[in-house]
Structures are given as structure tokens and as C-alpha cells.
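Work through the exercises below with the sequence and the model at hand. Each task is followed by a solution in steps.

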Amino acid sequence: MTAQRIDGTVIAGELREKIRTRAEAFLAREGRRPALIALQVGESASSKVYTDSQARAASAASINYQLRCLPESASEADIRNALAEIGADDDIDGVILQMPLPAGIDTHAMQMAIPPAKDVEGVHPENLGKLYYRGTRSPAPCTPMAVVKLLRTYGGTLAGKEAVIIGHSEIVGKPIAMLLLASATEAPTVRVCHVATRDLESHVREADILIVAAGVSGAKYGAWKRGARDGETPDLRPLIPGEWIKSGAIVLDVAINRIPAVLNEQGCAVLDEERKPVVGPEGKRIVTTGDVDYESAAERASAITPVPGGVGPITVQVLLRNTLLCAEQRETVK
Ligand code: NAD
């Protein structure tokens, strides 16, 4: 079997058009576009890549986007004040608190300070709690919603299937499990695996639906770069080899791993004489890859997401759809 390659950019394009139509209807009713603000504390090159791409996606969907920056030295009180101001501003519908926050800032405490009605990433405990209740219209975490959108499009009926999630973080693995269990009668059987799971292979082999969000290769490479594995060449083989995939499974690879472009046959980074990763094709030092060995998994799966270009593009559109949802809900309570 050769799997269908799931092109997330196509679904993302369809979602964007629906969001734009609704955003323009909102503009006609309210005299302003739905507005999203990104609050960034400190600066980093990677956060600029994210905010630039959010700004482009928002503009294409007819949503206003602004970036508000606080200095690296901002205290927790400063961040709380900025979030409270955003909460009180009638012209702002949604806020993203950009991660990572500077060292020493309590991320969970700051997420709890996000106004729940404007929490477009669905990370406030009030919104996470609502995931527990079926049919509640509240902003849910974006990547889990993107996964559900893909399953609805490609997964056929979910009822009674074996769904295996690898990763149990608060923003990815756990909310995916809650969303999959949302239907009273149509839900799959859900298993959540994580770093302490014994015999991961046996779970993966039974999965009709496999959702992988561990980010393992990136973490191994990061640890090695920081010196934790100094003197060793990191083994960057994907967590899930293709031979584990059940024939006909649908495989959604959520992970984003940034690793050296040149790997040897054992999946280890090729190093130069100074033990630096060798530059890959087109002068790129780093490639983006997932947790699943795409080529060999595609021989057994019925459908599979590539990395990049699978779950990621849909995640951004869910963020914009959540902005619209928050704008429309604030409109109805006026
Ligand atoms: P996290 O580090 O918070 O959680 C990682 C999870 O993987 C944990 O539950 C951990 O127990 C599990 N895990 C680690 N090693 C494992 C192993 N060897 N076997 C089984 N389980 C293992 O990460 P996160 O924030 O949930 O993100 C996970 C991945 O998804 C990362 O690569 C991240 O970049 C990516 N991500 C992608 C998107 C997107 O839009 N595509 C959005 C968010 C996160």
C-alpha cells in the first residue's frame, strides 16, 4: 500500500477562505475587523519567524494583527498588567502569549492571567476545562483542533477504532485525547503513550489512527548541542519506524524536529573535523522532520502527513478561527 500524502496546505487554504468570508461579514456588521494581538516578552530569532508568519496568515484571512513587545526584563506583574489591558480593550478579540517566556517567568501562572474570553490558543484552565464537556463552544488548543480537522477529513468514521496518541503534554497530547472522546457514541478507543510507556511498539502496531507528538529527535539533538552528550554523535533516527505501522492506518505526525541536514545510514548526524554538523543540500544546516519515518511508514499507512506541510499549516488557521469565534461571541454578549 502507498499512503495518500495529506497536504495540510490545501485544507488550510479552504479554512482560510471560510474564515475570510466570516471576518468580512463581521466587518460589515461591526465596522471593524476581528483583531488579534501577539504579546511577546523579550526577543528571539525564532519568535520573529512565528510572529511574521502569524501576521501574514492573519492578513490573508482579513483579520487585524498587531505585535506588542515587552522587554526581556519584564516582570510577572508587567505581563499580568499587559494582559489585563488587553482584556479591557474592546477593540481586541484575541491574544496570543508568545512562548517561550524569559527564564524565571512562571509560564503556567502567566497563561492563567490570559483573559479566557480572548484566549485564542485555548490554554487558560477555564477553556481547557471546557474540553471535558461535550459540545461546548470555547476556544480549544490549536494543534489538537488541527488534528481533529484532519481526522474528520481523512479518517472516515472514528467509532470503535483504536486511536494511539504519543505524547501527553497539556497543549498537544492531552487535549487531543479529550477532543477524540467528545462524541458519546462515535468516539474511538483512545490510548495515550508517553516517555514512560513500556513497549511503545506494541501500542503503535495496534493503532488504526496514530498521532505522534513527542518531538524526540529535536530534543536529542538539542541536548547534545548543549553539551549533555558531548563526544557522541546524536542518534536522530525517527521514533517510529515504518515497520511498526498497522496496514491501512492513518498517521498524523505532529512533531517538528529541527536537526542537521546530513545524516548517515544509521540516522546519526554527520560531523566535520570540528565535530559540527555537516551542511546539507542548498547550504542548509538544519532540516525539519517529524517523529515518524515518513518513507517506510507511507508503504503501510493509508494516509500520512508530511513534516513540514501537514498539521502545521492548519494549526495557524485554527488560531485565526478561534479569533473569529472570540470576536463573534463578544458580539453576541454586547
Ligand atoms: P512536550 O515536550 O511538552 O511533550 C512531549 C511528549 O512526548 C511528552 O508527553 C513525553 O512524555 C513524550 N515523549 C518524549 N519522549 C518519548 C518517547 N521516547 N516515547 C514516547 N513518548 C515520548 O512537547 P509538545 O509541546 O507536546 O510538542 C510535541 C511535538 O509537537 C514537538 O515536536 C513540537 O515542536 C510539536 N508541535 C507541533 C505543532 C504543530 O502545529 N505542528 C504545535 C505544537 C507542538
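**Exercise 1.** Locate His124 among the secondary-structure elements and decide whether His124 is buried or exposed.

Solution. Step 1: His124 sits in the loop that connects α4 (107-112) with α5 (125-130). Helices (H or I, at least four residues) and strands (E, at least two) are DSSP runs, numbered from the N terminus. The model is predicted: local features need pLDDT of at least 70, side-chain atom pairs count only at pLDDT 80 or more, and totals for chains, interfaces and linings use all residues. Residues are numbered from 1 along each chain as its sequence is written, and side-chain values use heavy atoms, with hydrogens and water left out.
Step 1: His124 counts as buried because its relative accessibility is 11%. Buried means under 20% relative accessible area, exposed over 50%, and partly exposed in between (1.4 Å probe, protein chains only).
Step 2: Between His124 and Ala140 there are 9.6 Å from C-alpha to C-alpha, at a sequence separation of 16 residues.

**Exercise 2.** Describe the position, backbone and side-chain contact of Ser62.

Solution. Step 1: The loop between α2 (45-60) and β3 (64-70) contains Ser62.
Step 1: Ser62 is not a glycine, yet its phi is positive, at about 65 degrees.
Step 2: With a relative accessibility of 6%, Ser62 counts as buried.
Step 3: The side chain of Ser62 makes a polar contact of 3.3 Å with the side chain of Glu24. A polar contact is a pair of N or O atoms within 3.5 Å; within protein, one must be able to donate a hydrogen and the other to accept it, and residues adjacent in sequence count only if both atoms are side-chain atoms.

**Exercise 3.** Where does Arg275 lie, and what is its phi?

Solution. Step 1: Arg275 belongs to the loop between β9 (257-260) and β10 (286-289).
Step 1: Its phi is near 60 degrees, a positive value in a residue other than glycine.
Step 2: Arg275 counts as partly exposed because its relative accessibility is 37%.

**Exercise 4.** How many aromatic pairs does the structure hold, and how are they arranged?

Solution. Step 1: There are two aromatic pairs. Rings of Phe, Tyr and Trp (its six-membered ring) pair if their centres lie within 6.5 Å; planes under 30 degrees apart count as stacked, over 60 as edge-to-face and the rest as tilted.
Step 1: Tyr132 and Tyr133 are edge-to-face, with 5.7 Å centre to centre and 75 degrees between the planes. Both Tyr132 and Tyr133 are exposed.
Step 2: Tyr221 and Trp224 are stacked, with 5.8 Å centre to centre and 25 degrees between the planes. These two residues are three apart in helix α9 (residues 216-225), so about one helical turn separates them. Both Tyr221 and Trp224 are buried.

**Exercise 5.** Describe the surroundings of the ligand.

Solution. Step 1: The ligand is surrounded by 20 residues, of which Thr143, His168, Ser169, Val195 and Thr315 are the closest. A residue is near a molecule or strand if one of its heavy atoms lies within 4 Å of it.
Step 1: The shell holds 12 nonpolar, eight polar and no charged residues. Ala, Val, Leu, Ile, Met, Phe, Trp, Tyr, Cys and Pro count as nonpolar, Asp, Glu, Lys and Arg as charged, and the others, Gly among them, as polar.
Step 2: A ligand oxygen atom is 3.3 Å from an N or O atom in the side chain of Thr143. A ligand nitrogen atom is 3.3 Å from a polar backbone atom of Val254, and a ligand oxygen atom is 3.0 Å from a polar backbone atom of Ile256.
Step 3: The ligand exposes 860 Å² when taken alone, and the protein buries 71% of that. Accessible areas come from the Shrake-Rupley method with a 1.4 Å probe; for residues, only the protein chains shown count as cover.
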